[in-house]
Amino acid sequence: MALHSAALCFNGVPSTHRTHQFSVPAIFRPGVVKVSSFSSSPLTSRRQFQLRGKAFPNDDGVAQTNDSSLVVCFGEMLIDFVPTISGLSLADAPAFKKAPGGAPANVAVGIARLGGSSAFIGKVGEDEFGYMLSDILKENNVNNDGMRFDPGARTALAFVTLRNDGEREFMFYRNPSADMLLQEAELDYDLIRKAKIFHYGSISLITEPCKSAHIAAAKAAKDAGVILSYDPNLRLPLWPSAESAREGILSIWETADIIKISEEEISFLTKGEDPFDDAVVRKLYHPNLKLLLVTEGPDGCRYYTKEFSGRVKGLKVDAVDTTGAGDAFVAGILSQVAADVSLVQEENRLRDALTFANACGALTVKERGAIPALPTREAVLNALLKSMA
């Protein structure tokens, strides 16, 4: 499920009913762009809300990067064709808006938009769409040194049906598409090994040779001490069967340090168990996992570590298109973790980071398409400010 909420819970105790009053300092008022943190003043507590990122604008507005917090995203990049009118079938849609997408690429662009450092590794066709996607990465300050072009296969396409509630159904064109043909020998291992976080999904596990490339890349990252981040991003129509999807997704489960899943994915992986039951979610928590995140759409998200768990409430917004909102959430949290891994161990700071991530998801559903809708850091901070007014 795509996440489209902005959470506004600033105390360390999960609560779904408590309300707070906030005192917003001058540094966080509209028009102020350079923001590294802001303080909140609930009736029950006062503490700093750190919004961490790897890159901040200097006085001339140019982002300063720091490769020590690089997030490398691996997998597919494609073109989403989104109907200009919601609530119609693909056959009845009068027109479509062309929008770059693909979950790992969305995350890479999302991190860069937030001022972080990111790179993308994947394959596209040696065609006009492939070159367009490569240029879009460059334009969004994403390192695309690991991108490859296939002369014999086309860039993947996906037609996305939007229901009236903004949720989606997909029709994919990949038979095979270039992203499925990335080979192990084409990997940029230097780029992988210098990452702070290596992020990926499960679509790259469906077919060879991309599956072997995926496994080799993740192993190289793990051996180099890189944090592994996994968003299964279940797309059942792409798998041969439901059982093969379940087995494929779980085959790399225990290597990940951070996992983000949706309620539907919990039900799918546990063969129909209650995704709202903490005991069910804990079954998916493996011994080496540092953080498990469950997105709940407009209700926010849940978080689980070895020491604590809780929920960060969401802010309901009018959803136009939920495509990419979950990826925006992932970009929001990974941009914070890449800057300071220790926040995963401190509940209050983790909740703050998830508040920021939820706001990223909330802003993304207000526009059509994935990459075009991903928010800037300034937009997220302004949205958080307005929600406290």
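1. Packing of α1 and α8. In this predicted model, helix α1, spanning residues 103-113, packs against helix α8, spanning residues 325-339, at an angle of about 50 degrees. The two axes lie 8 Å apart. Angles between 35 and 65 degrees fall in none of the parallel, antiparallel or perpendicular classes, so α1 is described as oblique to α8. The crossing of these two helices is right-handed.

2. Residues at the helix contact. On the α1 side, Ala103, Asn106, Val107, Gly110 and Ile111 make the contact. Helix α8 contributes Asp327, Val330, Ala331, Leu334 and Ser335.

3. The largest nonpolar core. This core holds 52 residues, and the members touching the most others are Met77, Ile333, Leu334 and Leu354. Leaving aside residues up to four places away in sequence, Leu354 touches Leu293, Cys301, Tyr303, Val312, Phe329 and Ile333.

4. Overall composition of the fold. The protein chain contains 10 helices and 17 strands. Of its 389 residues, 58% count as buried. Considering contacts between residues at least 6 apart in sequence, 70% join residues at least 24 apart.

5. Surface. The accessible surface of the protein chain amounts to about 15,400 Å². Carbon and sulfur atoms account for 51% of this area.

Methods
Residues are numbered from 1 along each chain as its sequence is written. This is a predicted model: local features need pLDDT of at least 70, side-chain atom pairs count only at pLDDT 80 or more; totals for chains, interfaces and linings use all residues. Side-chain values use heavy atoms; hydrogens and water are left out. A nonpolar core is a set of buried Ala, Val, Leu, Ile, Met, Phe, Trp, Tyr and Cys residues joined through side-chain atoms within 4.5 Å. Buried means under 20% relative accessible area, exposed over 50%, partly exposed in between (1.4 Å probe, protein chains only). Contact means heavy atoms within 4.5 Å. Helices (H or I, at least four residues) and strands (E, at least two) are DSSP runs, numbered from the N terminus. Accessible areas come from the Shrake-Rupley method with a 1.4 Å probe; for residues, only the protein chains shown count as cover. Axes are lines fitted to C-alpha atoms, for helices over the stretch in contact, and angles run from 0 to 180 degrees between N-to-C directions. Angles under 35 degrees count as roughly parallel, over 145 as roughly antiparallel, 65 to 115 as roughly perpendicular and the rest as oblique. A crossing is left-handed if the near helix is turned anticlockwise from the far one by less than a right angle, and right-handed if clockwise.
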